[in-house]
Amino acid sequence: MNIIVTDSPEQAFRKAVDMIACEVLYNPHPVLGLATGRTMESIYRLLVKQYEASALDFAATTSFNLDEYVGLSATDPNSYRYYMQEHLFEHVNMSTSQIHVPNGIAADLDLECARYEAAIEKAGGIGLQLLGIGETGHIGFNEPPSAFNSRTRVVHLDEITRRQNSGMFGNDPTRVPEHALTMGVGTILEARKLLLVAVGKGKAAIVDDALNGPLNENVSATAIRLHQDCTVILDNAAASIWKNNRSNALNSIP
Ligand code: F6R
């Protein structure tokens, strides 16, 4: 695993954008796995800037988002489909047919999950999967416990996550949907490359659990350590506990 620690969140976002840009520029048919959330907003802002400066072209890019709330339609401002439209899709040259977000209002949600897995396979698999990390240690919406071989499925959202995400819902966790569709940990691990980005002091404890703690289905982000080609980009604040614990461990080697 390649762990990069930067001096500022801005530098972390720039490094992440460089990696995404490489994937888009050097593949004839790039397939990106995308995430949502506050961390990703800055990354999408920089990607849009690069597109506007003609440094990037998304015409051949296909995308698959990690997750979506159950019960929210694409036109609901709190849905992840809407978020993606607002932060990335409407600003770059990707056509609707290239964009995939799980359908949270599908009549048959299990069928929707199976359809999503099939669509990823048909696209040739995901080349680069972008990940954030939640307070529960989730990647996508893989709440504790999530089997490392889990696939796209309906999940019950942890109370901690509903609180974490309540900002979009008038700071009322009870208004955050109780269920979501998410790619599974197993689905995520099949991407050819993983890129996890975390910034800020608030992420320091869970980043340490993910990187230093035991491999553990109660912290789904620990699974990224099983991947052959995984990059983690952190700013100093998010890396602080991990760095401290790692140097303590090194110092205690006799
Ligand atoms: C959302 C997703 C989540 C977020 C995570 C961090 O699509 O995949 O795993 O990446 O909850 O969210 P922020 O960046 O808001 O702290």
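Colleague: How much space lies in the largest pocket?
Modeller: About 570 Å³, in this predicted model. A pocket here is an open set of points on a 1 Å grid over the protein atoms alone, where a 1.4 Å probe fits, with protein on both sides within 12 Å along at least five of seven lines. The volume is the space filled by probe spheres set on the points.

Colleague: Nice. Which residues lie nearest its centre?
Modeller: Thr 36, Gly 37, Arg 38, Tyr 80 and Asn 165, out of 30 lining residues; lining means an atom within 4 Å of a point. By class, the lining has 12 nonpolar, 13 polar and 5 charged residues. Asp, Glu, Lys and Arg count as charged, Ala, Val, Leu, Ile, Met, Phe, Trp, Tyr, Cys and Pro as nonpolar, and the others, Gly among them, as polar.

Colleague: And which elements supply at least two residues each?
Modeller: H2, strand S4 (67-69) and H3 do. Helices (H or I, at least four residues) and strands (E, at least two) are DSSP runs, numbered from the N terminus.

Colleague: At what angle do H2 and H3 pack?
Modeller: About 40 degrees, with the axes of H2 (residues 38-52) and H3 (residues 80-87) 10 Å apart. Axes are lines fitted to C-alpha atoms, for helices over the stretch in contact, and angles run from 0 to 180 degrees between N-to-C directions. Met 40, Glu 41, Tyr 44 and Val 48 of H2 meet Tyr 83, Met 84 and His 87 of H3, where contact means heavy atoms within 4.5 Å. That group divides into 5 nonpolar, 1 polar and 1 charged.

Colleague: Is Thr 39 buried or exposed?
Modeller: Thr 39, in helix H2, is buried because its relative accessibility is 12%, and the cut-off for buried is under 20% (1.4 Å probe, protein chains only). Beyond neighbours within four places in sequence, Thr 39 touches Phe 13, Val 197 and Lys 203.

Colleague: Switching to the sheet, what is the strand order?
Modeller: S4-S8-S7, an open antiparallel sheet of 3 strands, with S4 and S7 (153-156) at the edges. Two strands pair if DSSP finds at least two bridges between them; S7 and S8 (residues 179-182) have 4. Arg 153 stands opposite Thr 182 in S8.

Colleague: Which helix lies across S7 and S8?
Modeller: H4 (residues 109-122), at about 125 degrees to S7.

Conventions
Residues are numbered from 1 along each chain as its sequence is written. This is a predicted model: local features need pLDDT of at least 70, side-chain atom pairs count only at pLDDT 80 or more; totals for chains, interfaces and linings use all residues. Side-chain values use heavy atoms; hydrogens and water are left out. Buried means under 20% relative accessible area, exposed over 50%, partly exposed in between (1.4 Å probe, protein chains only).
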